[in-house]
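Trainee: Can you walk me through this one? I'd like to start with the whole chain and then zoom in.

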Amino acid sequence: MLNRRAFLRTTLAGAAGVAVGAAGMKEIPHLLGLDRPPVAGGYAAAADVLDAVHHPGVAVRYYVETTEPVVAFTFDDGPGPHWTPQVLDVLEEAGVPATFFMVGRNLAKNADLVRGRMDRHEIGNHTWAHDDLATLDLAGVTESLRRTEDEIHKQFNRPVTLLRPPFGHIGGSTMLAADSMGYDVVLWSKAMRELMYKGDPEGQARDIIDSVRPGSILLAHDEGDDRRLVTIRGLATMFAGLRQRGFRMVTVSEMIAGAKKPSGA
C-alpha cells in the first residue's frame, strides 16, 4: 500500500510525463534551457579583450540603403554535391552573380564542385562546421573563421571580407573576431520560405518577385534536404520576374560599394 508521500510523488511524476509529452519532443531543449547560449561563451562586452578591438564598430548589414534597383542573392552552407551544381547551372544560364557563404569543411570536401565556376561570384565565410558562434568565446570563433578563410584562400586565392554567422546568431565574441579579422557581418532582409511553398516553386518565386525592394539581401541555401528544390526550381522565374521589374542582381559587396552615402558624408 502506497503512503501519501509516495502517492503524491508518483502522481506528480506522471503528470510531468504527460506535460512533456504534450509539449512535444521539440520543446524539451527549450524547457530545460538547452537552447540558451552559455554565459561563458558569446559574451557581449567588447571591452573584455581590448587587444582584439581595432575599430569602434563592425558593420552589420541585413539590407543596403540604396535607390538603385539592385538585389543580392546569397546561398549558405555549401558547397555540396546535391544542390550546389544545380544552383551554379541556373546562375550561369541566367548570367546572375551571387554571394556564397561557404562552410569550410564542406569546401575542403567538395572543392572540385566549384573549382573554375566561381569567377563571377563572391565567397563569404560561414564558419568551419556551421558553428553557432554565439556559443563560442573569442578563441573559438577566431579559430573557426580563420580555418575557413585559409581554406577559401587555398582553393580560390582570393581575400574574404564578409561573414555570415550561422542561424544569424551574433555574440560579442563574433563581433570582436569580425573586427580583428576585418569582416563585415551580413545577415538578410528576406529568406526563402521553402516549407510554406513546399512543392510550389512558382509560389516561392512570386513571393520573392513581389516583395523585393532596392537593397534587399535574399537568403537561400545550396546545401540541405529536399526542401531546397523549391527554391532551385524557382530561381529562373525569380530572375526573369525581377528583371521585368527593372532589378539587377549583384553580389553583396557590389551592392555595398554602390550604396547611398550617409547625408553629410
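Trainee: What share of the contacts with a separation of 6 or more comes from residues 24 or more positions apart?

Mentor: It is 79% in this chain. A contact means heavy atoms within 4.5 Å. Keep in mind that this is a predicted model, where local features need pLDDT of at least 70, side-chain atom pairs need pLDDT 80 or more, and totals for chains, interfaces and linings use all residues. Residues are numbered from 1 along each chain as its sequence is written, and side-chain values use heavy atoms, with hydrogens and water left out.

Trainee: How much of the chain is buried?

Mentor: Of the 265 residues, 44% are buried. Buried means under 20% relative accessible area, exposed means over 50%, and partly exposed is in between (1.4 Å probe, protein chains only).

Trainee: Let's pick strand 8. Is it covered or open?

Mentor: Mostly covered: six of its six residues, 216–221, are buried. Ser-216, Leu-218 and Ala-220 point one way, while Ile-217, Leu-219 and His-221 point the other way.

Trainee: Which way do strand 2 and strand 8 pair?

Mentor: Parallel, over six bridges. Two strands pair if DSSP finds at least two bridges between them. Ala-72 stands opposite Ile-217 of strand 8. Strand 7 (residues 190–191) also pairs with strand 8 in the parallel sense, over two bridges. There, Ala-191 has Leu-219 as its bridge partner.

Trainee: What unit do strand 7, helix 7 and strand 8 make?

Mentor: A right-handed β-α-β unit, with helix 7 at residues 201–211. Right-handed means that, with the strands pointing away from the viewer, the path from the first strand over the helix to the second runs clockwise.

Trainee: Which residues of helix 7 are buried?

Mentor: Gly-203, Gln-204, Ala-205, Asp-207, Ile-208 and Ile-209. They pack against strand 7, strand 8 and helix 8.

Trainee: Why do some of those numbers sit three or four places apart?

Mentor: An α-helix has 3.6 residues a turn, so residues three or four places apart point the same way.

Trainee: Okay, strand 3 next. Which strands does it pair with?

Mentor: Strand 2 pairs with strand 3 in the parallel sense over three bridges. Asp-76 stands opposite Phe-101 there. The chain gets from strand 2 to strand 3 through helix 3, in a right-handed β-α-β crossover. On to strand 4 (residues 122–125): four bridges join it to strand 3, again parallel. Met-102 has Asn-125 of strand 4 as its bridge partner. Strand 3, helix 4 and strand 4 make a right-handed β-α-β unit.

Trainee: What covers the buried residues of helix 4?

Mentor: The cover includes helix 3 (84–94), strand 3 (99–102) and helix 5 (138–156). Leu-107 and Val-114 are among the buried residues of helix 4.

Trainee: New topic: aromatic pairs. How many are there?

Mentor: Three. The rule takes rings of Phe, Tyr and Trp (its six-membered ring) with centres within 6.5 Å; planes under 30 degrees apart are stacked, over 60 edge-to-face, and the rest tilted.

Trainee: Why is the pair of Tyr-62 and Tyr-63 called tilted?

Mentor: Because the planes are at 50°, with the ring centres 5.4 Å apart. Tyr-62 is partly exposed at 47% relative accessible area, and Tyr-63 is partly exposed at 30%.

Trainee: And how do Phe-73 and Phe-239 pair?

Mentor: Edge-to-face, 5.0 Å centre to centre, with 80° between the planes. Phe-73 is in strand 2 (residues 70–76) and Phe-239 in helix 8 (residues 228–244), so the pair links distant parts of the chain, 166 residues apart. Both Phe-73 and Phe-239 are buried.

Trainee: Last one: what sits over the ring of Tyr-63?

Mentor: The charged end of Arg-213, 5.2 Å from the ring centre. The rule asks for NZ of Lys or CZ of Arg within 6 Å of the ring centre and within 35 degrees of the ring normal.
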